[in-house]
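User: I am new to this structure. Please show me how to read a few of its features.

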Amino acid sequence: MNSREATIALNMLPKIGPIRVRRLLECLGSAESILRASAHQLTQTNGIGPETARIISQWEQHIDLSKELEDAKERGITIITQDEPGYPEALRHMYDPPLALYLWGELKEADKHAIAIVGSRRTTHYGQQSALGFSRDLARSGLTIISGLARGIDSFAHRGALEVKGRTIAVIGSGLGQLYPPENFKLAEEIANGNGAVISEFPLQHRPDKKTFPMRNRIVAAWSSGVLVVECPKWSGSMITANLGLDMGKTVYAVPGPIDRPTSAGCNQLIRDGATLVSCADDILDD
């Protein structure tokens with residue numbers, strides 16, 4: 001087993017995660033050494049309890065690495081680990097960079113110039129048209145549009161980029177073998193077939209849950225130069241992405257909305273708290 005395969009195996013294991021793996025690497029030196037270590041050796045690392053140590057030391061009972069690699073190859077999916085050249089540079093500097101990325105499609109050097117466009121799953125006509133308009137104009141200017149392939153604003157953001165033959169990247173909160181939401185499979189296929197990439201940090205058959213979407217949001221925020229929130233209520237995943245972006249030093253932009261619409265309450269709050277109000281793509285490009 002080489003370092004790449006060992007890293008993919010660690011990424012597949014339950015209850016581990018990039019932060020614990022980083023601590024283990026500091027103590028044991030390599031991904032292969034982690035998988036070869038005894039449960040007792042593993043528990044010498046801060047944050048590694050008996051249960052986690054048992055999972056790692058018995059890793060072959062929990063996952064089928066050979067099948068994962070074979071399935072990915074058959075589906076045309078590339079798996080990139082942190083040590084490989086194709087791993088996005090922006091993600092290397094995160095507090096908790098993904099151990100591995102499952103890539104359906106192709107990344108290009110230009111994708112480092114990216115902006116996130118996010119918003120509510122429940123949209124109004126105003127939000128939909130705003131997302132399309134911003135996405136078209138920003139993609140036309142050469143920026144890659146990053147979003148989460150969710151229903152609503154995310155979908156319109158991806159479509160706007162596709163309409164002008166621009167680049168777009170969809171970061172999803174499930175494995176690529178369990179693409180969510182399923183009705184966006186055709187959209188994902190269009191993105192992957194020459195217009196960008198669909199990306200996940202989760203194993204192929206990992207199902208979405210309440211934890212996977214915030215994890216997805218941190219990648220969206222980290223990859224982008226700025227985060228544009230088009231339409232969202234006060235409590236939403238888009239607000240999480242915006243706040244993550246602020247924590248990472250990214251500029252947050254927000255499209256204002258009617259004061260009596262709950263669907264715009266999140267954007268209006270962001271503007272009140274210091275986000276940059278934008279009404280067209282030029283506002284972002286000039287900034």
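User: Is glutamine 178 buried, exposed or partly exposed, and why?

Analyst: Start with the cut-offs: buried means under 20% relative accessible area, exposed over 50%, and partly exposed in between (1.4 Å probe, protein chains only). Glutamine 178 counts as partly exposed because its relative accessibility is 22%. This is a predicted model, where local features need pLDDT of at least 70, side-chain atom pairs count only at pLDDT 80 or more, and totals for chains, interfaces and linings use all residues. Residues are numbered from 1 along each chain as its sequence is written, and side-chain values use heavy atoms, with hydrogens and water left out.

User: Where does glutamine 178 lie?

Analyst: Helices (H or I, at least four residues) and strands (E, at least two) are DSSP runs, numbered from the N terminus. Glutamine 178 sits in the loop between strand 5 (168–171) and helix 10 (185–192).

User: Which residues is glutamine 178 in contact with, beyond its neighbours within four places in sequence?

Analyst: Contact means heavy atoms within 4.5 Å. Those partners are Leu204, Gln205, His206, Arg207 and Pro208. Take histidine 206: it is 28 residues from glutamine 178 in sequence, yet 6.6 Å away in space, C-alpha to C-alpha.

User: What about aspartate 286: buried or exposed?

Analyst: Aspartate 286 is exposed, because its relative accessible area is 66%. Its place is in helix 14 (residues 281–286).

User: Which residues touch the most other members of the largest nonpolar core?

Analyst: A nonpolar core is a set of buried Ala, Val, Leu, Ile, Met, Phe, Trp, Tyr and Cys residues joined through side-chain atoms within 4.5 Å. Here the largest has 40 residues, and Leu10, Ile56 and Val198 touch the most other members. Helix 1 gives the most to this core: five residues.
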